[in-house]
Amino acid sequence: MDELRGQAALVTGAGAGLGRAIAVEMARAGAQVAIVDVDEAAAGETVKLVQESGGTALAYRCDVGVRAEVDRTWDAVAADLGRLDIVVNNAGVSFVGPHIIDTTDEVWHQSIDVMQHGVFYGMRAAARHMLPQRSGSVVTISSIRGFSSNPGRIAYCAAKAAVIMMTRVAAAEWGRFGVRANAIAPGVQRTPMWEEDAARGAVDEPGVIRVCPAGRLGEPAEVGRLAVFLSSADAAYINGSCVTIDGGLTTVPVG
Ligand SMILES: NC(=O)c1ccc[n+]([C@@H]2O[C@H](COP(=O)([O-])OP(=O)(O)OC[C@H]3O[C@@H](n4cnc5c(N)ncnc54)[C@H](O)[C@@H]3O)[C@@H](O)[C@H]2O)c1
């Protein structure tokens, strides 16, 4: 349970859902955690959760789609925690709904800003800290929607596919410097993002549960533990991978 003892981890979008669970699991594994979110109050709630379970965390307000904010925040975290060993690019936004013909420029740009540009900024800022120290782990949260299409989500799918390849480029560039990059492709996890989409009828939860071989949605902590593993020494030979965690959902032909 202490595989990340002494390490400093930065998790984006850690004010809710998967990011919060990843932060909690990183802290349980012994890391000090920087809780980065555009929603400062939500980040503060996660800090409380981590502290209540005996861990160490600090909150940072940052919009990952804004380069200057990312650079400033990564520098501040490294200064405050004394090092930066793990970065989890997790922040995301979901606009399920219109098909391509009705997709607005705003939805396209906001999705790409947060989930592709944001990941690029996060990777680059991480590299500037990790390559000189010759160690580090960058984990990026993609989605099964990075390789399994979802009508009504062109921008989301595009960004999630892009970050899988960006992870492979990062792995190829950084491997010889002791820095690894991996992605996680979650299936359907019960988080505020999913609950909001389900509440407005944009997604079909009973349908997913019926089709998914696991017979249930995923739990955020399961993704959190996978992120811990990928960042630990046990995963030293895993670099450039995208690990699917979907209860078998994408193994099932539908229709
Ligand atoms: N929930 C799922 O089923 C699922 C499945 C596959 C992939 N994912 C991915 O996992 C990640 C987390 O999803 P979630 O379900 O926990 O979402 P969520 O909406 O529950 O939480 C997202 C968090 O990110 C923060 N955030 C949003 N935009 C930001 C920005 N520009 N800068 C910083 N923080 C920002 C929000 O404030 C929020 O705290 C996303 O990248 C999402 O695409 C989720």
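Which residues of α8 are buried? Keep that question in mind as we walk through this predicted model. The buried ones are Pro220, Val223, Gly224, Ala227, Val228, Leu230 and Ser231. They cover an arc of only 165° around the axis, which puts them on the same side of α8.

Helix α8 has 12 residues, 220–231, and at 1.5 Å a residue it should span 16 Å; the C-alpha atoms at its ends are 17 Å apart, which agrees. What do the buried residues of α8 pack against? Their partners are α1 (17–28) and the strands β4 (86–89), β5 (136–141), β6 (179–186) and β7 (242–245).

Now let's turn to the strands. An open sheet is formed by 7 strands, in the order β3-β2-β1-β4-β5-β6-β7, with parallel pairing. At the edges stand β3 (56–61) and β7, each with a single partner strand, so one side of each has no neighbour in the sheet. From one strand to the next, the twist averages 20°. For a look at one pair, find β1 (residues 8–12) and β2 (residues 32–37), which are joined in the parallel sense over 5 bridges. Here Ala8 stands opposite Gln32 in β2.

Leaving aside neighbours within four places in sequence, Met26 is in contact with Leu4, Ala9, Val11, Ala31, Val33, Ile86 and Val228.

How values were computed. Residues numbered from 1 in each chain as written. Predicted model: local features only at pLDDT ≥ 70, side-chain atom pairs only at ≥ 80, totals over all residues. Helix = DSSP H or I, 4+ residues; strand = E, 2+ residues; numbered from the N terminus. Expected span 1.5 Å × (residues − 1). Buried ≥ 20, exposed ≤ 12 C-beta atoms within 10 Å, placed from the backbone. Arc of directions from axis to C-beta. Contact = placed C-beta atoms within 7 Å. Pairing = 2+ DSSP bridges. Axes fitted to C-alpha atoms, helices over the stretch in contact; angles between N-to-C directions.
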